[in-house]
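Today I'm looking up strands and charged pairs.

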Amino acid sequence: MIPTLTWTPEGVRFIDQTRLPLEESYVLATTYEQVADVIVTMVVRGAPAIGVSAAYGVALGAKNSQASTVAEFAPEFERICARLAATRPTAVNLFWAIDRMKSLFAKLAGAGASLAQIQEKLLAEAHAMYDEDIAACKTMGAHGAALLPDECGVLTHCNAGALATCGYGTALGVIRAAVEHGKKIHVYADETRPFLQGARLTAWELMADHILTTVICDNMAASLMRQGKIQAVVVGADRIAANGDAANKIGTYNVAILAREHSIPFYVAAPWSTIDLATATGDAIPIEERPAKEVTHHAGKQLTPNGVGICNPAFDVTPAKYITAIITERGVMRAPYFESLKEMELVS
Ligand code: MRU
């Protein structure tokens, strides 16, 4: 299995996703500040993976603390959580994971636990989130695989794979499960400008699993759909609002509109930790603006004239009306999402 992130006695070890696929190297974060840095610089990326990374960051911050009492540690704990929460704004999994760590801390501190017990339990909670994430991916994979024809072309955007999770993947989990069930899947991976998660990461991890994969430039999807090469679109999500609007990598919205025009089903696969029922619609989802240099440069080389205006939103929101179904580990939901998500909230 691809080791997206691993807890070690020295800290958290990340495969460096900025260097794949040409170089398989690792970054060891030994402090919570370093964990925050690897999230900001996208050494680790993908909504579920950054959530679990942040949880390990909190556990690491607690482990490294010089405090001798819980009361002394409490303000430090707040600073650790605030630093990790300030890394990337769009994926709700990050805040979900930090809130889970905060609730545990409050519960343990309230019950009079010692600092050593709190340190141990925070780490155990991060481990639990790691295991739950892989289990969720596998379950949603099985739910989603049933939706795909026995033989088909599947378009995906960005990387919602093992590298974006603790393993197996969400959208790519659906594809992996379909292949494991004997379906013949040809994956078309959008290259995903400007960070090239599709060309670099999706292609790399699917090839490692010997799944037939073709990388296309982002502007080729319509043409392939028209040629009848794509029977389904499966993407991940960073945050799904209560009405089903889904934020995902910039360019996802384009693909959804194209899929509708060509009568191709458009599926969103995400763990329940990506559902944000507190956010009513996609309009309220914060969209991260990334550095201009990701657009102006490629592999250290400048592509654009000096001084030109640049816009680099990392995500867009696909309105719920374009989404055929939302696949989670709890099951498959269909419109109206306001109702189906609410109903599914009661299932655990
Ligand atoms: O900017 P990134 O690479 O973190 O964006 C990732 C995506 O948009 C993924 O599709 C999403 O997080 C789902 S990952 C299972």
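**Ground rules.** I'm working with a predicted model, where local features need pLDDT of at least 70 and side-chain atom pairs count only at pLDDT 80 or more, while totals for chains, interfaces and linings use all residues. Residues are numbered from 1 along each chain as its sequence is written, and side-chain values use heavy atoms, with hydrogens and water left out.

**The sheet.** I looked up the strand order and got E1-E2-E3, an open sheet of 3 strands with antiparallel pairing. Strands E1 (5-8) and E3 (26-29) each have a single partner strand, so one side of each has no neighbour in the sheet. Strands here are DSSP runs of E, at least two residues, and helices are runs of H or I, at least four, numbered from the N terminus. Two strands pair if DSSP finds at least two bridges between them; E1 and E2 (residues 11-15) have 4. I noted that Trp 7 has Val 12 in E2 as its bridge partner.

**Salt bridges.** I counted a Lys or Arg side-chain nitrogen within 4 Å of an Asp or Glu carboxyl oxygen, and the count came to 12. Arg 19 pairs with Asp 16 at 3.5 Å and with Glu 23 at 3.4 Å.

**Buried or exposed?** I used under 20% relative accessible area for buried, over 50% for exposed and partly exposed in between (1.4 Å probe, protein chains only). Asp 16 is buried at 6%, whereas Arg 19 is partly exposed at 44%. Glu 23 is partly exposed too, at 36%.
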